[in-house]
Structure formats: C-alpha cells, structure tokens
Amino acid sequence: MPRFTHLHTHSHYSLLDGLPKIPDLIDRVKELGMDSIAITDHGNLYGAVEFYQKAKKAGVKPIFGVEAYIAPGDHKDKTGNGGEKYYHLTLLVENQTGWQNLIQLVTKSHLDGFYYKPRMDKNLLREHHEGLIALSGCLAGEVSRLLLAGDYPGAKRTALEYQGIFGKNNYFLEIGHHPGVKETLKTRDGLIELSRELVIPLVATQDIHYLKKEDAEYHDILLAVQTGNKLNDPDRLTLKNDDFSMRSPSEMIELFRDLPEAIESTVTIADRCHTELELGKIRLPKFELPEGVTSPNNYLEKLLRERLPARYPSSTPAIEERLQMELGVIERMGFADYFLIVQDFVNWAKERGIVVGPGRGSAAGSIVSYLLGITDIDPLKYDLIFERFLNPERVQMPDIDIDITDLRRDEVLGYLKEKYGDDHVAHIITFGTMAARAAIRDVGRAMGLSYTFCDQIAKLIPFQLDLKKAIKNVAELGDLYKNNADAKKLLEAALHLEGVARHASVHACGIVISKEPLTNYLPLQRAPQDPNVIVSQFEMHAVEDLGLLKMDLLGLRNLTIIENTIRLIDELHAEKIDITNIPLDDKKTFEMLQAGQTAGVFQLESGGMTRNLKDLKPTELEDIIAMISLYRPGPMELIPDYIARKLGQKPVSYLHPKLEPV
C-alpha cells in the first residue's frame with residue numbers, strides 16, 4: 001500500500017481569484033504531510049516562479065499547471081456562435097518540454113484566443129501536447145458538460161479525442177468529491193463508466209479555493225468583494241455549498257475509498273512530474289558588435305577610451321585607476337553587453353533630442369556609466385561609491401534607472417523592439433494588492449456595514465502600517481477590535497484579505513529584453529488596460545530571478561517640461577541650451593528653492609520637502625543631496641538637527657573623529 005503523500009490536489013489557487021498567498025499554501029502542504037502540490041491558475045502562470053522558489057525551499061515538489069480554457073472551435077474565432085464560449089481542461093507539466101509547451105499554449109491563448117477568457121483550442125493542444133499530462137477538467141470540462149447534458153456518446157467521443165491528443169498514458173478523467181454541488185453527483189457515475197469502458201484512468205482531485213475549512217467565510221467575502229455583491233444578496237456567486245479547502249491525504253483516501261485507483265493516479269502523476277527552473281543564471285542579450293570586433297569587453301573599453309577626453313580633458317592617475325577597477329569588475333561579472341545595450345539606446349535618444357535624466361540611484365557611482373553618457377554626474381567629484389552599484393561579492397544584474405521624457409518614452413521602446421526584435425521586448429506585469437484601508441472598506445461594503453462606520457475604522461490605520469500592526473499600535477483601533485463586535489468581525493475578515501492580489505496592470509517603468517524570443521523563458525499576455533501592449537506574466541522579481549535583462553525606463557513629466565523649455569528657447573531666442581552643462585551654483589535658482597518655489601522640480605515638490613527647503617535655505621547642491629537623502633522614513637527625524645547645524649544654530653559633533661571627513 002503506497003504512502004499517499006504525493007497527493008496531487010487540483011488547485012484552483014490563483015493569484016487573482018484565490019484567497020491563499022503562496023507562502024501560506026506551502027506551509028499548509030507541509031502541515032498536512034504532503035510532499036508535492038500542483039498549482040493550476042485559471043488561464044495563466046502568474047504565480048509559477050514564486051511557487052517554485054517557496055516549494056523548493058520547503059522541500060515540497062512543485063508541479064506546474066494551468067486550468068486551461070478550451071475553445072469549442074478555432075481559438076481565434078470571437079463570434080461565439082451562440083454556443084459554449086469555452087470548456088475547462090487541467091494541464092500539468094511532466095518535464096522541461098512540457099514547461100516550454102505550456103508557456104507557448106498560455107501565451108497563444110492570451111495573444112490570439114482571448115474571448116471572455118484566454119482560450120486555446122484542440123489544434124494548439126496537438127501542436128504543443130508533448131510533456132503535458134491532461135485531466136478532463138472540473139464540471140466546466142467538455143466531458144462533464146456532455147455528461148450533464150445526457151450525451152454519453154458525445155462524452156465518449158470527446159474523451160477519446162483528448163486521449164488521442166495527449167496519448168494513452170497522459171490523459172485522465174478527473175473526479176472530485178463535492179456532494180454539496182449537485183452537478184458533481186450527476187457526472188460521477190458517467191465518469192466512472194467512461195473510465196471502465198474506455199480504459200482511461202480516473203484521478204481524484206480537490207478543487208481548492210482556500211486552505212482551511214474555517215477560511216470559507218473569508219473566501220465568500222472575497223467573492224462578494226470581487227463581484228460587487230453583498231453577502232445577503234440572493235443568487236450571488238458563492239461556494240458556501242461545499243468544502244473547497246485543502247484536504248489531507250487521509251481525508252482524500254477516505255472520500256475515495258470506493259475508487260482507490262483514483263487515489264493511486266495522484267501518486268502516479270506526482271511521481272512522473274519533474275520540472276526545474278534555471279534561476280540565477282544571467283541571460284543577457286548579445287549587443288551587436290561592429291564588424292571586426294569579436295569581444296564586448298574590448299569594444300566597451302574602446303568606447304570608453306574614445307569618450308574619455310569629452311568628460312575629462314586631462315586624465316589623472318585617479319581617473320585611470322578608477323576606470324581600470326570598474327572595467328575589471330564588469331569583465332569578471334560578464335556585464336559588458338549590459339553597458340553596451342544601455343549606452344546605445346540612451347545615446348540614441350539623446351541624439352534625437354529626447355531628454356534623458358542625468359541619472360539617479362547607485363548607477364551614478366560608476367565612472368563607466370558617466371563616460372558612456374548613461375549618467376551625467378561625475379562620481380569622482382562627489383565621492384560616489386561604485387561598490388553600491390556593482391559588487392563582485394554579490395553577483396546580481398546591474399540596475400540602472402533611466403528617466404525619459406514621458407511623451408517620447410514609446411519612441412525609445414520602439415527603437416529597442418526594432419533592434420532586438422519585437423518578440424524579445426515586452427513590458428512587465430505588476431499586481432495590485434488589497435491594502436489595509438481598502439480591505440476595510442471593501443469588506444465592510446460586502447458585509448453590509450455602513451460606509452461611515454467602515455470609513456471611521458479605515459482612517460484609524462496609518463498608511464505605513466499593516467492591519468496587524470495597526471491594531472496593536474493604534475489604541476483606538478485596538479479598543480474597537482476588543483469591544484465592538486462589528487469592528488472585530490470586520491477587522492478579522494480584512495486581516496485575511498489584506499495583501500491578496502486583486503488586479504494586474506503594467507509596471508510603470510519595467511521592461512524585459514531577452515537574448516532569445518521571450519516565450520522561451522516566460523508567458524506573455526496583453527495588458528488588461530490596453531490590448532496593444534504586450535506584458536510578461538511574471539512580475540519584475542521573477543523576471544530578474546530568471547536572469548533576464550530588466551530595464552526601468554520611467555517616463556517623467558518633469559523631463560517633458562525641460563524638453564519643451566529647451567525647444568521654446570531655441571525657437572524664440574535662437575539659443576541652444578545644453579541641459580547637461582548648466583551651472584550648479586546659480587544664485588537665483590537657490591533663492592527660488594529657499595522661497596519654496598519647488599512646483600515641478602523632481603523630488604522637491606512635496607509639501608514636506610518644500611517646508612524643509614524653506615527652513616534649510618540651501619546654498620549649494622550638496623544641501624539638496626543631503627535633504628533628499630534624509631527625506632525618508634527613519635532619517636527624516638534627523639532633519640531638524642541637520643538644518644540647525646547647517647544654519648549654525650547647533651554645534652556640529654561627531655560620534656568618532658574618523659567620521660569628520662564624511
């Protein structure tokens with residue numbers, strides 16, 4: 001008798017419509033004594049990388065999959081013809097080939113087959129079936145739909161068709177145990193009969209939407225929030241009629257004691273599924289080198305030598321030493337292509353009058369970035385540290401934030417697509433999560449509580465605290481939690497929903513560029529807000545973990561204002577302004593900042609920053625550098641002391657004499 005710890009649970013867990021977060025999912029798997037779990041999001045692979053990482057770390061075998069939507073005809077047909085728009089089919093990844101095929105299927109279902117849902121069709125399945133195991137699907141599966149309609153011959157033909165697509169050993173009839181859903185009982189006998197007549201194995205599955213039985217009420221609230229209903233609305237979508245939690249192996253064995261072969265199949269499938277994601281390996285695109293040049297390192301050094309005189313008319317030993325040190329690190333870490341790619345599109349933009357920011361973040365500490373024109377800040381002049389940007393002790397991709405005038409950002413993206421290939425460049429997806437205040441208001445609305453009551457509680461939560469910390473640290477909120485039954489119920493529910501992903505959108509600045517077509521590494525889809533924009537299905541951290549080149553191209557309105565100003569001065573006064581060479585000690589500019597005239601000045605226009613500048617009375621660039629550095633949680637409390645010392649109202653003291661030069 002096998003140990004049924006390889007239980008495959010048919011998880012409808014999804015980042016966008018399920019309650020559990022991935023770390024909680026893995027914790028629950030361990031708690032129940034299981035050693036493998038399949039994740040089958042609805043039509044997408046959003047959670048795949050995080051799922052893989054967390055499962056591997058916990059010693060749980062991750063099984064990739066998707067709850068696919070199958071079009072009744074051609075997946076590109078958007079007419080519907082008055083019939084079924086789609087059926088469900090569970091696809092599980094058996095091996096690396098299957099993973100590649102699933103990425104292709106999911107991408108094509110989104111890019112070509114989206115009609116209400118991202119749909120694939122049987123011809124696509126035939127083309128990309130290798131390495132995939134298919135289960136017939138839940139009640140929305142094609143076989144189950146035909147059985148519910150009383151069409152046993154049709155169900156039989158369909159089951160044989162799917163078996164023909166995937167192969168005799170790779171197609172299973174999926175059977176669940178949800179007696180509270182009457183349709184389950186109607187299909188159960190038909191599925192068993194089909195299995196025995198056609199010799200297609202049954203597999204026991206559990207439809208999971210939340211982890212523990214006691215989470216059912218919170219998932220019900222989540223459904224009400226997502227559908228805009230109240231809990232007491234009649235005929236709303238609900239799963240209260242049955243148990244959709246994660247069951248233990250012993251529970252599943254008991255539920256399917258009359259069908260032990262269905263439990264055996266879960267072990268068989270789990271044992272067969274082995275997929276590894278290669279994380280942490282750098283996959284930079286190759287920069288196209290000029291004819292006769294064979295090494296990106298040599299070409300990088302050639303460019304630096306050519307451009308050195310423009311930045312430093314008279315070189316010094318300190319400049320040469322810094323340059324050689326940085327070049328050595330870049331060569332050892334294999335990042336020459338990265339710098340060549342970035343300098344290429346930055347200089348392409350500048351040549352066309354597209355204003356690019358002077359650089360910010362740790363990249364400003366690199367003399368290589370400065371010489372290449374990626375940044376316009378001399379790191380030697382300001383004693384900026386290269387190791388903050390690139391450190392051979394910590395091998396990770398460089399991260400250069402590029403600011404571009406917001407109205408012309410698309411021109412730069414167009415150049416990158418033209419140079420590296422349209423299928424090698426995409427925007428990066430991001431997921432909006434339910435924040436504490438929003439969770440309170442949404443949950444309260446679903447529970448039918450008054451807006452005034454919910455708003456009063458929401459406003460007690462500081463923006464920087466999560467709900468748990470707010471209840472602990474805000475006395476009035478803690479009292480309501482302890483003494484008001486409605487408040488306690490509201491806060492308990494909101495605690496379960498806080499942090500749950502609620503929508504997908506396009507990352508404000510993130511793009512990914514790959515050496516090979518992107519679908520060799522990750523699935524793509526159209527942006528929910530704009531079908532003309534193609535985005536990755538993996539968020540930025542997953543993109544980085546896969547070793548792909550992630551660039552942050554931020555469109556800034558401030559730079560558009562600068563660009564328009566330069567153009568107008570040229571048109572009206574025939575004077576060309578080089579924004580990279582304006583004086584940094586202009587007295588009138590500092591007088592303007594001292595007066596609090598900061599509207600439209602990047603990073604200086606918030607109310608708090610404006611007040612601090614008026615108090616500080618900056619007289620040099622270093623004053624502004626210090627204020628921007630201090631204006632963040634933690635150091636912010638030191639601002640009054642800094643201002644008092646700058647103005648000579650307090651003596652300057654040091655913890656240690658060695659700190660004085662700093």
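Predicted model: local features only at pLDDT ≥ 70, side-chain atom pairs only at ≥ 80, totals over all residues.

Trainee: Next is T519. Is T519 buried or exposed?

Mentor: T519 is another loop residue, placed between β11 (501-513) and β12 (524-527). Its relative accessibility comes to 15%, and the limit for buried is under 20%. So T519 counts as buried.

Trainee: How far apart in space are T519 and K168?

Mentor: Along the sequence, 351 residues separate T519 and K168. T519 has contacts beyond four places in sequence with Q100, I103, Q104, T107 and L524. From C-alpha to C-alpha, T519 and K168 are separated by 28 Å.

Trainee: What about Q163: which residues is it in contact with, leaving aside neighbours within four places in sequence?

Mentor: Q163 belongs to helix α6 (residues 152-166). With 14% relative accessibility, Q163 counts as buried. Its contacts, once neighbours within four places are set aside, are K168, Y171, L198, V199 and I200.

Trainee: V199 is on that list. Is V199 buried or exposed?

Mentor: V199 is in the loop between α7 (182-198) and β8 (202-205), and its phi is positive, near 55°, though V199 isn't a glycine. For the answer, use its relative accessible area of 60%. Over 50% counts as exposed, so V199 is exposed.

Trainee: What is the phi of D235?

Mentor: D235 lies in the loop between α8 (216-227) and α9 (249-255). At 82% relative accessibility, D235 is exposed. D235 isn't a glycine, yet its phi is positive, at about 60°.

Trainee: On to strands. Which residue in β5 is the bridge partner of Y69?

Mentor: Strand β2 (residues 61-70) runs parallel to strand β5 (residues 117-120), and 2 bridges join them. In β5, the partner of Y69 is R119.

Trainee: And which residue takes a positive phi in the hairpin of β4 and β5?

Mentor: Strand β4 (residues 114-115) is antiparallel to β5, again with 2 bridges, and F114 stands opposite P118. The hairpin has 1 residue between the strands. The residue with a positive phi, near 70°, is Y116.

Trainee: Last one: how do α16 and α20 sit relative to each other, parallel or oblique?

Mentor: Two packed helices are described by the angle and the distance between their axes. The axes of α16 (residues 436-447) and α20 (residues 485-497) come within 9 Å and cross at roughly 120°. That angle makes α16 and α20 oblique.

Trainee: How many of the residues in the contact of α16 with α20 are nonpolar?

Mentor: The α16 side has A439, I440, V443, G444 and M447, which meet K489, L490, L491, A493, A494 and L497 in α20. Sorted by type, the contact has 1 charged residue, 1 polar, and the nonpolar ones number 9.

How values were computed:
Residues numbered from 1 in each chain as written. Heavy atoms only, no water. Helix = DSSP H or I, 4+ residues; strand = E, 2+ residues; numbered from the N terminus. Buried < 20%, exposed > 50% of the residue type's maximum accessible area, 1.4 Å probe, protein only. Pairing = 2+ DSSP bridges. Axes fitted to C-alpha atoms, helices over the stretch in contact; angles between N-to-C directions. Parallel < 35°, antiparallel > 145°, perpendicular 65-115°, else oblique. Contact = heavy atoms within 4.5 Å. Nonpolar A, V, L, I, M, F, W, Y, C, P; charged D, E, K, R; others polar.
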